[in-house]
Amino acid sequence: MSSPPPTLDGILHRQDVWRGRRHQGMPHTGVDSGYALLNAELLHGGWPRGTLIEICQKPFQGDWQLFLPALRVHNQGVIALLNPPAQPFSQAFIQANIDLERLLVINAPDNADFLHCFSEMARSDDCAAMLAWQPRKGLSYSNLRKCLLAATLSNAIHALFRPWAAQRESSPAALRISTKYIDNELEFFIFKQKGILRSRQPQPVRLPLPECWQAAQPYCALDHSDIARNQSAGASALNLKAGT
Amino acid sequence: MSSARNHLWLALRLRELPLHVLKTDIPPERPVAVTERRVVIFCNAAARALGVTRGMDPTTARFAGDCLLVPRKRNLESAALYQLRDQLYRFTPHIALHESKEAPQSGLLLEISTCLRLFSGVRNLCDAILKYLADAGHDVRWGLAHTAPGAWLLSFAHHAPSGDETRQMFIDRLNALPVQVLYDHPGAVDTLVKMGFTTLGDVARQITSSGLTSFARRLGPQFANALAEIYAIERDFSQRSLFSAPVSTHVPVIHFEDSLSFDTPLALIEHLQPAFEHLLQNLGAFLDKRQLTCQHIQWQLSDIYQHKEIVDIRSDIPQSGWQLLYDLTLITFANRPIPFEVDALTLLCHDRQPRQDSSATLDLNGEHRQPGVSRELAATLMKLKTRLGDAALHKISYRDSLLPELSHAMIGMGEKCIQQLPRPHHKALRPTWLLPEPEEIAERNGRLYWQGRLTLAAGPERLTSHWWETSVARDYYLARRQDKQILWIFQDLHDERWYVQGFFG
């Protein structure tokens, strides 16, 4: 017994059908990133669910800044951190109103273990987001493809952090971004977004960093005599600064 | 002396327990004495025939006739009593242990009034119990009474069970016993003898005429309470039976053990899988039937050459079904080669807990997420832990300390996170990433270098702590590197060196 032939409407409602520039009719299933500038650039008005987001960056350059607002708003489900490059500092996440009970750290330095963990966590309905850092040995195209296939099984955010140089490599990820710090801003650049036909060269977008991260005052504006008078304990630190 | 209670107690006194538990292969004709604290506390018939008695000095006992002296093993005696209690559970669930501090007299007390119909009367029940114990090699003396201590005392007398014993009959039998049977109260017995009391009947008559108060006054309330319990004397309350403690019910510890033997030795996990599944299904049925859960099972692989390999499977959350344990077993064996060709496979489960069905929010549409880790996620995490090891998965928590490295804790999946920050930390500058150990920053020509040149951007925040041991004083700064990386660094105010401790990511 043969299955009924697919209808045009049915095909057009599939998320994996590319419709050129006409993506207005597609369901907006993105998770609000917390940045209007970023949402405007993303196809679904936010971080796409159920697919692989690849972020190429130097270590620690804006990983949490990109995803913390979205994770704070969607406050249900586990946030799995696969192979994090250091320990997520509990005090910072308490300050950011992230429930620590949701944060789950998994260390899988071996490639096979990494892929296994990625697939297992992606299959779990309780995993709201997975932030993964690729193992030291790197991931091949087929490995990335496995991650993508696993990610499509769920409705969560799956972000894979890769080194800056990985931009030059081919990847099946639906969304590829590079990020870096520029003074007091985080610059992100979307160099691949599946489902959008670019008519022009994409432009980098800059997001402001938290105010408390920014330098209190340019050094040249400081009154040297006041500092010397008021800060005896921190004198050596400021001497070092003066050396700059 | 009256009571509305209709209990019937059977006391089983194990006369040779101190010797029985030692399981020495000594022939019965060899004189043996068990000693404790340099005193003979038990001797067999052969030793008694040579003149060895309780309370004798061990040296004297040895010279009495080549008597073998063995030290007493109280822990073995207790273990034997526990084992016997489990075995006698088949006759009655109401079983208590009796262990004396003053004399090597131990045994069991069985409340049998609720089991008489099942075993067709007292005689049949007593016969069945005594036959069971005799078959197990125990030398038992028994006593029947309406109270537990009364039954124990009557085990020193010899009355055949008739089946038509009455309460008054038990009291009469107790009255005939000498006061020395109250050996647990040696001081009181000496006083009673000096006062001219020779039998418990003398004591009972005194209680009838003057009440228990006179005994409580002269010999202490503890002894008076013991007498009241022996005779089931109601006092203090007009209806004491209404306030009496219920008879305790023994629940035996049940272990699961099941095994399969193979016709041909098996060397591949794939061949063992059906056996794993079969045994785990049996375990699942066992747990389900008894409303139990378990968190730990053991697989024992063995062959005909007496090789044995035990593999432990643990689960974070209690399991009542077999499926997850099966998955965990396969994952464990996938990472562990079989050391020899297996002839027999045994599943052991000593860990068991009562199943507790927790209440949950009624959610017919499945719209609400239940708090805590769901069963499915727990299963996933357990699979990952089995593959990667326990240390590979953890949560993070705050710990009360001023020092950043001590205020951050990695905790297990089953532990609860502490999320209450003290007020000083609420708005303090804290990085999102913390290094496991602070790394020293190079200092050249008054400039800081750590994988690039650093520039201080904000701070300092001074943290001082541990003044009670090695004092710690640090000034923390936010620093920028050449590549715009934002770091959390500090200067140790004691050695004036700089360290990087975190990153703002």
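Tutor: Two strands pair if DSSP finds at least two bridges between them. The strands themselves are DSSP runs of E with at least two residues, while helices are runs of H or I with at least four, and both are numbered from the N terminus. What you see is a predicted model, where local features need pLDDT of at least 70 and side-chain atom pairs count only at pLDDT 80 or more, while totals for chains, interfaces and linings use all residues. Residues are numbered from 1 along each chain as its sequence is written, and chains are lettered from A and ligands numbered from 1 in the order in which they are written.

Let's begin with a hairpin. Strand 7 (residues 175-182) and strand 8 (residues 185-193) of chain A run antiparallel, joined by eight bridges. Look for Tyr181(A): its bridge partner in strand 8 of chain A is Leu186(A). Two residues sit between the strands of this hairpin, and Asp183(A) there has a positive phi near 50°. On we go from strand 8 of chain A to strand 9 (residues 205-208) of chain A, an antiparallel pair with four bridges. Leu186(A) turns up here again, with Leu207(A) in strand 9 of chain A as its bridge partner.

Now for a sheet that takes in both chains. It is open and has eight antiparallel strands, in the order 3(A)-15(B)-21(B)-20(B)-19(B)-18(B)-17(B)-16(B). At its edges are strand 3 of chain A and strand 16 (442-444) of chain B, each pairing on one side only. The crossing from one chain to the other is made by strand 3 (residues 87-88) of chain A, which pairs with strand 15 of chain B in the antiparallel sense over two bridges. To find the spot, look for Pro88(A), which stands opposite Trp433(B) in strand 15 of chain B. Elsewhere in the sheet, strands 17 and 18 of chain B are antiparallel and joined by two bridges. There, Tyr449(B) has Arg453(B) in strand 18 of chain B as its bridge partner.

Step back to see how the chains meet. In all, 54 residues of chain B are in contact with 50 residues of chain A (contact: C-beta atoms, placed from the backbone, within 7 Å). Several elements of chain B give two or more residues to its side of this meeting, including strand 15 (433-440), strand 17 (447-449), strand 18 (453-465) and helix 14 (375-388). The largest share, seven residues, comes from helix 14 of chain B. By class, this side of chain B has 26 nonpolar, 16 polar and 12 charged residues. (Nonpolar covers Ala, Val, Leu, Ile, Met, Phe, Trp, Tyr, Cys and Pro, charged covers Asp, Glu, Lys and Arg, and the others, Gly among them, are polar.)

What about the inside? A residue is buried if 20 or more other C-beta atoms lie within 10 Å of its own, exposed if 12 or fewer, and partly exposed in between, with C-beta atoms placed from the backbone. A nonpolar core is a set of buried Ala, Val, Leu, Ile, Met, Phe, Trp, Tyr and Cys residues joined through C-beta atoms within 7 Å. The largest core has 108 residues, and Ala80(A), Leu82(A), Met130(A) and Ile489(B) touch the most other members. Strand 5 (residues 127-133) of chain A gives the most to this core, seven residues. Leaving aside neighbours within four places in sequence, Ala80(A) is in contact with Leu104(A), Ile106(A), Met121(A), Cys127(A) and Met130(A). Apart from that core lies another of 48 residues, among them Leu12(B), Leu88(B), Ala145(B) and Ile207(B).

For the whole chains, chain A has eight helices and nine strands, and 37% of its 244 residues count as buried. Chain B has 16 helices and 21 strands, and 30% of its 505 residues count as buried.

Last, some caution about chain A. Its mean pLDDT is 80, and 78% of its residues reach 70 or more (pLDDT is the predictor's confidence in each residue, from 0 to 100).

Definitions and conventions: Two residues are in contact if their C-beta atoms, placed from the backbone, lie within 7 Å.
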